Amino acid sequence: MASNRDGDPSLGYLTRKDTEVKLPRPTRVKNKTPAPIQITAEQILREARERQEAEIRPPKQKITDSTELSDYRLRKRKEFEDLIRRVRWNISVWIKYAQWEESQKDFNRARSVWERALEVDYRNHTLWLKYAEVEMKNKFINHARNVWDRAVTLLPRVDQLWYKYIHMEEMLGNVAGARQIFERWMGWVPDQQGWLSYIKFELRYNEVERARGIFERFVQCHPKVSAWIRYAKFEMKNGEVARSRNVYERAVEKLADDEEAEMLFVAFAEFEERCKETERARCIYKFALDHIPKGRAEDLYRKFVAFEKQYGDKEGIEDAIVGKRRFQYEDEVRKNPLNYDAWFDYIRLEESVGNKERTREVYERAIANVPPAQEKRYWQRYIYLWINYALYEELDAEDVERTREVYRECLNLIPHEIFSFAKIWLLAAQFEIRQLNLKGARQVLGNAIGKAPKDKIFKKYIEIELQLGNIDRCRKLYEKYLEWSPENCYAWSKYAELERSLSETERARAIFELAIAQPALDMPELLWKCVPVRFPLIAYIDFEISEGEYDRTRELYERLLDRTKHLKVWISCAKFEASAKEEQNLCIQNARRVFEKALNYFRMSAPELKEERAMLLDEWLDMEKSFGELGDVSLVEPKLPKKLKKRKQIDSEDGLAGYEEYIDYVFPEEAHAHNLKILEKAREWKRQRLASGAED
C-alpha cells in the first residue's frame, strides 16, 4: 500500500486500487446463431432511454442565518482544500476554488487562492488571464494592472497577455499607458502581427508620424517582402506617392535576390501602374524578368503579358508573349537539358524574333549538352542542332567564317572511330562548293573517306568529280570505294557503267570479271543480270547482249548456272535464246533446249521443287504460244501437271492444332508410276486369295 501511494503523489491518501475502474466481466456467448427476431441499434438506444431512471439531484439548501452560512463556507473550503491536497497539479480545481471565493465576495481569500495556484504553475497563462479578468470584472483596476504587469514580465512571449493588458488600458482611456506597454512589448521583438497591432493603435488616434516611425522599425526588425509592401501601401493610402516609391526602391535594393522578390516586383509595378507611370512599370517588369530565376517568375510573366495587352503597342505585346514562351522553354530545358526537341522549339522562337546574339547564345547552350553515351541512337537528334546552327549562320546570319567554324567543331566532336554521320561531311563539302572553294570541299571529303568511309560519301564525291569531268579522279575514287567495300555490287556496276560510257569496253569487261570473281557479294544478281532496283544499273549479261557478243553471253549463262540453278536464271536464259538476233528457227531450238535441260534438272535433281517445275512449264507454254505458227504447244501440254488440293495436319507443342490446305502437283510420270503400284498390289492380293483357296 505504501509503495502505491508513494508512486503517485497526486492521489493524496488514496491508493491505486481505490481509484481503479472496475469493469463488469464480459459474458460468454454460448449460442452464436442469429436470433429469429432482429433488432436495430436505434431500437436498443430508444429502449435504453425509456428505461433510464430519473437523475437524482441533491435538494436545494436554503441558508437562513449567518451560522449556517459560516458552516456552509467552512464545509466547502474543507472540501476544496482536501481536493487540492489530493490533486495539487489540477489547475481547474484551483480555478473553481478561486471563483467560489469570488462568488462569496471574499476577494482577499480569492486572491490568496490565485496566488497559491500561481506558485504551483506560474507558466500556465490561463491562470493569469482568469486572475486578471476577475480583478477587472470587480473593478479592481490597480490589482488588475499589477497582475498583467507580473504576467507579461514572467511570460513575455505569450502575445495574448500583451493584447489583454493593452486592451484594458485603452478601454480605460490611458492611451499613453497603452503606448508604453506596446513599447515594452516591441523590445521583445514580437512577430509581424504585434507590430501591425501597434501601428493600427497609433492610426486609431491619427498619429501618422508615429505609425511611420513604427513602420521603419518594423521593416528593420522583419526585413521581409510582405512587411515592405505593407509599408508602401500605408504611404500610398496617406497620399504620399513619393514616400511610397522610395519605400519600394529601398525594398528592391535590399530584397532583389530574395525568394519572394517576385511578389515585391509585381506590387511595385502595379503601384506605378496606378500612378499612370506605364513606362516605369514596364521597366520594373523587364528588370524583374532579367534578375529573377525563371522557375520563380511564372506569376510575373502572366502579369507582364496582361500589362502589355492593356498598355503596350503591337511590338510590346509580341515581346511579352515571346517572353512568356521563352520562360516556358527555359523551364523545360532546365528540367531536362537533354530534351533536344525543347531546344529546337526554343531556337525556332529566337530565330523568329530575329535577335542574332540571343539566337547564337541559345544554339551554344544547346550544343553544349552532348549526349552522355557514345552510341549513335543518342546522337541522331543532337546532330541536327549542329546542322541547324550551321545553316542559320550561313543563310540567316551570312557569316561564312562562323559557318566553317561550326562545321569544323562538329566534325571534331563526333567520335568517328565509333560512328559517324555522312550527312555532316556532305553538308560541309557542299558549303565549301557554294563558296567556290573546291579545294576545301575535296579536303573535307578526303578526310571523310580517311576517317569514316561511307557509301553516301563515296557516291557524292564521285558525282561531284564526274560533273567536273575529272575521270581519273573518279577512277581513283572507285578503286578506293571497292578497296573499302569489295562486296558492293552497286559500286562494281557503276564503275563498269562509267567505263562503258567512255567506250572502254575491255576495261568494263575486266571490271565485271573482277566483280564476279569476288568470294562474297551483297547482291550478285545485280552483277549478272539487271533486276528492277531504285537505281538503273547495267549488269554483265546485259552488257554483253548490248555489245552483240552472244557467244560470250551464253558462256556467262553457263557460268551462272554452274553457280545457281534458280528458276529465274533458267527462264532468263531461255528468253535470251528466244530473243537473240539470229536465225529464228535456231533461236527457238536453243530456247527449247534450255527448257528441256531445266526440266530435266528439276525432275532428276530437285524433285521436291514441284511448284518451280510447274512454273517453268507455264513459261515454256507461254513462249510456245508467242512463237505463233513456229511454236509447238504439243511439246509442253503432255508434261503439264494436275493440281490437287490436299490437307496436312499442323502439329503444335500441345498436340494436333488442325489441318492446313495446300496445292500439290502431280506430273504425268508420277501418275503412271502410281497406277503401276495399284496394279501390283491388286495382283499380289489375287495371288494371296488363290493360295488360300488351294489350302481350303
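Helices here are DSSP runs of at least four residues, numbered from the N terminus. The model you have open is predicted.

**Stop 1: Glu350**

Select residues 340-353. This is helix H19, and Glu350 is found in it. Now show the Glu350 side chain. Is Glu350 buried or exposed? Its relative accessibility is 0%, so Glu350 counts as buried, the cut-off for buried being under 20%.

The side chains of Glu350 and Arg358 are joined by a polar contact of 3.5 Å. Which other residues are in contact with Glu350, leaving aside its neighbours within four places in sequence? Besides Arg358, select Arg326, Asn355, Thr359 and Val362.

**Stop 2: salt bridges**

Side chains of opposite charge can pair when their charged atoms come close. How many salt bridges does the count come to? The count is 41. Here are some to select.

Start with Arg77 and Glu101. They form a salt bridge, with the closest N and O atoms 2.9 Å apart. This pair links distant parts of the chain. Arg77 sits in helix H4, residues 66-86. Glu101 sits in helix H5, residues 91-103. Arg77 has a relative accessibility of 14%, so it counts as buried. Glu101 is buried too, with a relative accessible area of 1%.

Move on to Arg217 and Glu183. Their salt bridge has its closest N and O atoms 3.2 Å apart. Arg217 lies in helix H12 (residues 208-221) and Glu183 in helix H10 (residues 175-186), so this pair ties together parts that are 34 residues apart in sequence. Arg217 is partly exposed, at a relative accessible area of 34%. Glu183 counts as partly exposed, at 34% relative accessibility.

Now select Glu240 and Arg243. Their side chains meet in a salt bridge of 3.7 Å, N to O. Glu240 is partly exposed, with 32% relative accessible area. Arg243 is partly exposed as well, with 39%.

Finish this stop with a group. Select Glu357, Arg360, Glu393, Asp399 and Arg402. What links these residues? A network of salt bridges does.

**Stop 3: helices H14 and H15**

Select residues 241-255 for helix H14 and residues 261-274 for helix H15. The two helices pack with their axes 11 Å apart. The angle between them is about 155°. How does H14 run relative to H15? H14 is roughly antiparallel to H15, because angles over 145 degrees count that way. The crossing of H14 past H15 is left-handed.

Now show the side chains where the helices meet. On H14, the contact is made by Val241, Ser244, Arg245, Tyr248, Glu249, Ala251, Val252 and Leu255. On H15, select Ala261, Leu264, Phe265, Ala267, Phe268, Phe271 and Glu272.

Conventions:
Residues numbered from 1 in each chain as written. Predicted model: local features only at pLDDT ≥ 70, side-chain atom pairs only at ≥ 80, totals over all residues. Heavy atoms only, no water. Buried < 20%, exposed > 50% of the residue type's maximum accessible area, 1.4 Å probe, protein only. Polar contact = N/O pair within 3.5 Å; in protein donor to acceptor, adjacent residues only side chain to side chain. Contact = heavy atoms within 4.5 Å. Salt bridge = Lys/Arg side-chain N within 4 Å of Asp/Glu carboxyl O. Axes fitted to C-alpha atoms, helices over the stretch in contact; angles between N-to-C directions. Parallel < 35°, antiparallel > 145°, perpendicular 65-115°, else oblique. Left-handed = near helix turned anticlockwise from the far one by under 90°.
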